[in-house]
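Q: Please give me a close look at a single part of this structure, and then connect that to the wider picture. I'd like the cut-offs spelled out along the way.

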Number of protein chains: 2
Amino acid sequence: MTRLFNDPADFADEATDGFVAANERWVRKVHGGVARATTSPDGTVAVVIGGGSGHYPAFGGLVGPGLAAGAAMGNLFASPSAQQVAGVARAAEHGGGVLLSYGNYAGDVLNFDAAARTLEADGIPVRTVRVTDDVTSAPADDATKRRGIAGDLCVFKVAGAAAEQGRSLDEVTAVAERANDRTQSFGVAFSGCSLPGADEPLFTVPEGRIAIGMGIHGERGIDEADVPTADGLAELLVARLLDELPDGVALDGANGPRVVPILNGLGSVKYEELFVVYRSVQQRLADAGIVIVEPEVGELVTSFDMAGVSLTLFWLDDELEELWAAAADTPAYRKGGAVPQERVDPSTVEADAEAVAIGAASDDSRAVGEQVAAGFAAVRALLDEHADELGRIDAVAGDGDHGIGMQRGAHAAEAAATDAVTSGAGVGSVLRIAADAWSDKAGGTSGAIWGAGLEALGRVLGDDERPSAATVQSAVHAATEAVLAFGATTGDKTMVDALVPFDEVLRTRIDAGASLGEAWTDAVRAAREAADATASLVPKMGRARTHAEQAVGTPDPGAVSFALIVETLAP
Amino acid sequence: MTRLFNDPADFADEATDGFVAANERWVRKVHGGVARATTSPDGTVAVVIGGGSGHYPAFGGLVGPGLAAGAAMGNLFASPSAQQVAGVARAAEHGGGVLLSYGNYAGDVLNFDAAARTLEADGIPVRTVRVTDDVTSAPADDATKRRGIAGDLCVFKVAGAAAEQGRSLDEVTAVAERANDRTQSFGVAFSGCSLPGADEPLFTVPEGRIAIGMGIHGERGIDEADVPTADGLAELLVARLLDELPDGVALDGANGPRVVPILNGLGSVKYEELFVVYRSVQQRLADAGIVIVEPEVGELVTSFDMAGVSLTLFWLDDELEELWAAAADTPAYRKGGAVPQERVDPSTVEADAEAVAIGAASDDSRAVGEQVAAGFAAVRALLDEHADELGRIDAVAGDGDHGIGMQRGAHAAEAAATDAVTSGAGVGSVLRIAADAWSDKAGGTSGAIWGAGLEALGRVLGDDERPSAATVQSAVHAATEAVLAFGATTGDKTMVDALVPFDEVLRTRIDAGASLGEAWTDAVRAAREAADATASLVPKMGRARTHAEQAVGTPDPGAVSFALIVETLAP
């Protein structure tokens with residue numbers, strides 16, 4: 001379990017601060033994560049990686065010459081926000097464009113894609129390579145849906161080495177894609193981890209059993225078995241991966257293919273155990289006529305102190321082998337000889353991207369802006385009170401971070417809204433500025449969704465008029481549309497289950513002549529009933545955990561937090 | 001807990017094999033551990049480190065250019081044998097003498113000192129620096145009695161860098177001693193670890209509490225407290241270490257001293273937690289006017305998956321800072337630019353030291369030698385049967401390895417004795433050859449003691465005559481003297497408690513004219529009664545664990561195994 005923390009809500013930020021303090025030879029802190037502390041040749045590609053925290057050395061530990069140029073570091077097990085990704089990419093970029101590379105998870109795709117659009121709008125060329133190495137997470141004919149786990153390192157390393165050689169953005173992208181196509185991983189878990197401050201583990205595996213194919217956030221595996229011997233585990237891992245060789249790799253016996261094996265510990269399976277398993281892995285590979293090249297045995301992508309282990313096989317060709325063997329120098333991964341290093345001159349470091357602009361505003365709109373800022377304060381207090389409860393609900397079928405994420409978002413939104421009011425912003429600007437702060441600090445999928453919804457609200461309300469009931473209703477409907485654009489529909493056991501009835505009742509009642517206050521009260525009731533009803537729905541789409549099947553009686557945390565918030569905000 | 005193993009008795013050997021397979025860029029396997037796979041300049045000092053297994057990256061992970069020349073790798077939590085240390089030193093030595101450096105534990109002192117004598121007899125100059133950084137393990141005015149924990153790295157690194165520069169053995173020794181004088185550590189533990197195959201943890205800490213000052217094998221701490229916050233732990237660690245500065249270090253405010261902080265995770269306290277604590281550690285050091293130089297935050301000396309953390313402060317002077325900053329390239333610790341590397345030419349690798357010589361023997365002595373070999377087979381079968389039970393008894397107040405150690409020793413002795421008989425050895429040579437094999441493979445303190453006892457037996461019995469009852473009694477007495485030379489006396493709750501009455505009764509009865517068989521039977525009874533009586537003695541000298549005080553009803557495993565063995569060997 002995670003034992004050492006201060007305020008759990010500050011854990012990821014404090015871990016980043018301590019990581020930077022301990023590793024300032026390699027990294028400097030930038031908005032959203034870290035970038036290299038050392039210079040890179042002008043015109044070369046910046047490989048920007050990232051993901052949630054809790055996976056060290058992924059992702060900050062892999063930043064330095066020969067590997068990544070920067071890492072966006074999200075909250076615990078939660079994607080970095082689009083603002084974080086863009087902030088890191090702007091700081092890390094040095095004239096040759098940006099390759100975004102990360103493990104393939106819905107929240108990360110959402111936020112990295114949004115960042116890519118922002119960066120391209122700024123004139124920075126961007127490409128994306130998602131790592132999809134986990135063979136148990138989708139069938140071979142649907143491999144682009146697979147999750148990324150320890151194979152991250154192979155793709156990042158190859159891309160970083162190619163960038164170091166001065167190759168173009170398209171060339172770096174092509175070689176990273178080929179590395180991903182030739183990298184496959186398979187993992188097992190013995191027990192789960194607990195997030196800072198949590199009383200219970202995020203997920204469990206029965207004593208004496210292993211979950212086969214479980215992901216690094218407890219995602220559902222494909223099978224369960226008794227804990228094997230070390231040799232038995234090696235056999236299980238090797239056999240599954242040799243059963244599905246990538247295109248172009250064949251076991252022809254005499255002059256077999258060349259492979260990098262990575263035996264990765266997820267946290268509390270320790271080095272000596274990994275070595276005992278590796279002894280057997282390399283024997284089995286050698287027996288199959290495979291030539292082993294520069295293996296790695298250790299902790300490369302972790303899941304806090306989760307007990308588990310994965311094997312990655314990275315099938316080389318001549319070019320990939322040269323890039324794998326190239327020198328790299330990062331906090332957690334070093335290889336080969338000296339890599340030229342000169343410290344970044346602090347005076348040349350560019351400022352963060354501009355904040356959302358505040359438009360001219362009417363006095364009426366400013367007055368409503370003040371009410372909205374007070375509303376954010378109420379929401380912040382509400383979420384401080386309910387964060388633990390929301391986290392507990394989320395841990396049943398999700399990754400337990402909903403409470404912390406919402407709390408962080410609300411704190412940031414309150415502060416930003418207060419500042420905006422002081423600067424004379426109207427209600428539209430207050431909401432758009434708060435939206436940006438919310439999604440930036442909350443991270444993850446829910447942060448992006450709340451940011452989009454609040455931004456739509458602000459856009460419709462504008463800075464000119466005191467909004468009428470009809471305008472508020474239009475704004476809520478625009479926010480609902482913005483949220484629905486992320487792809488969930490009613491019945492998916494998400495926030496949408498409460499938002500859609502809220503929007504419908506609000507519209508129906510206001511169309512029927514009710515006051516905003518009356519309509520809001522009825523809409524809140526509908527949202528609350530719908531949120532409670534999510535408890536009887538089937539397990540959450542695609543996110544069910546080993547033990548989640550028994551937990552369908554738990555409501556969806558996103559729907560619950562939405563109902564709580566609109567109740568608090570009754571006009 | 002340790003989950004992945006095959007036969008627990010093979011764990012350490014298999015882990016070494018896997019470690020070498022994964023890291024053949026740096027290390028090659030030699031008798032007793034590993035040596036560098038790359039050449040070192042002729043005439044430079046070889047820094048040879050070592051200790052028990054279960055502490056990775058200590059010790060094999062620290063072998064390579066700029067750091068250690070070799071590492072003796074003992075069994076789980078057990079010292080390497082003298083033969084192992086000497087074997088590694090011979091393989092690693094390259095003409096400039098050997099510095100032996102290791103954490104200060106009784107079993108390691110015993111075996112490294114014995115190896116030093118062997119090496120010096122071979123004409124290799126040897127010096128020793130024991131690491132004594134754990135401030136909680138003895139008072140400041142008795143600092144040479146302190147244990148070595150994560151401060152190992154500071155001493156090894158400085159010695160390795162000085163050796164790399166071509167300094168003389170005395171110079172390397174002097175700078176390593178100064179590094180040790182200026183290195184202090186302090187640790188806490190949240191929970192224990194379990195050895196491979198064990199059903200229960202080796203030691204426990206109550207839920208929600210920390211053991212303050214607990215060692216890396218569960219050695220008794222100095223206090224217990226509630227689990228603190230991360231900041232609270234940083235305060236506890238820093239305050240204790242600043243309270244006892246080494247000679248010559250003063251906090252004078254303006255231009256404070258320079259220090260390397262090492263925040264070390266012991267296994268399942270993970271990286272993000274360490275970073276959160278380190279954030280606070282570095283703030284507190286900076287607040288005290290201390291200048292931080294190239295810190296390390298990570299897993300450097302572990303204890304399987306024990307949950308715990310230690311802080312080391314290594315107070316620099318100009319020379320130590322230069323040596324700390326120098327390049328190094330090992331499996332687990334790399335720093336700075338390229339270090340010249342050329343692979344060792346396998347044809348130049350020297351053979352192991354010669355085995356114990358077999359002298360000419362009489363037919364009578366050969367016949368008794370065959371009986372002794374059969375006796376070793378019986379002892380081996382006995383220990384196979386009782387290994388688990390002996391381990392369980394040992395885990396109460398020791399480190400749980402007695403069963404495995406005795407089993408490994410007996411297997412090796414049986415094989416060596418059988419070979420010796422085949423080669424025509426007399427009883428004296430059979431015993432001396434078996435003694436060497438026993439202590440080599442068993443390792444730890446009990447391995448060294450059984451080796452010395454068997455060697456004395458063989459020396460007295462010789463290869464010429466069929467031993468009389470009086471000769472056997474003289475031989476047993478010589479073996480008893482050899483064992484007593486290790487320092488324990490009756491009442492210390494060790495094997496001596498059973499051995500001394502066995503020797504006394506055997507002598508008294510044979511002096512009184514009893515046959516060897518009669519006398520042996522009576523002596524066995526005395527040994528058995530004495531072994532059982534150790535259950536009522538006070539906790540084992542200096543080895544009591546957090547929970548050992550309640551366990552004084554458990555007999556000493558060394559006394560029990562001795563009684564079992566002599567009972568099996570009744571002539």
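A: Happy to! Let's start with A:Thr534, which counts as buried because its relative accessibility is 1% (buried means under 20% relative accessible area, exposed over 50% and partly exposed in between, with a 1.4 Å probe and protein chains only). This is a predicted model, where local features need pLDDT of at least 70 and side-chain atom pairs count only at pLDDT 80 or more, while totals for chains, interfaces and linings use all residues. Residues are numbered from 1 along each chain as its sequence is written, chains are lettered from A and ligands numbered from 1 in the order in which they are written, and side-chain values use heavy atoms, leaving out hydrogens and water.

A:Thr534 sits in the loop between α15 (516-533) and α16 (557-568) of chain A; helices (H or I, at least four residues) and strands (E, at least two) are DSSP runs, numbered from the N terminus. Its side chain comes to 2.5 Å from the backbone oxygen of A:Ala531. A polar atom of the A:Thr534 side chain also lies 2.8 Å from the backbone nitrogen of A:Asp556.

Now for the cores. A nonpolar core is a set of buried Ala, Val, Leu, Ile, Met, Phe, Trp, Tyr and Cys residues joined through side-chain atoms within 4.5 Å. The largest one has 205 residues, and A:Leu263, A:Phe314, B:Leu263 and B:Phe314 have the most contacts inside it. A second, separate core holds 60 residues, including A:Ala413 and A:Val524. Back in the largest core, B:Phe314 is in contact (heavy atoms within 4.5 Å) with residues beyond four places in sequence, among them B:Cys154, B:Val260 and B:Trp324.

Finally, the two chains meet through 56 residues from chain A and 56 residues from chain B. Between them, about 4,600 Å² is buried, with carbon and sulfur atoms giving 62%; buried area is the accessible area (1.4 Å probe) that two parts lose on being put together, summed over both. On the chain B side, B:Arg3, B:Leu4 and B:Glu272 lose the most area to chain A, together 17% of what that side buries. The rule finds 8 salt bridges across this interface, each a side-chain nitrogen of Lys or Arg within 4 Å of a carboxyl oxygen of Asp or Glu. A salt bridge also joins the side chains of A:Arg279 and B:Asp17, at 3.7 Å from N to O. As for elements, α7(B) gives the largest share of the chain B side that touches chain A, 9 residues.

Note on methods:
Polar contact = N/O pair within 3.5 Å; in protein donor to acceptor, adjacent residues only side chain to side chain.
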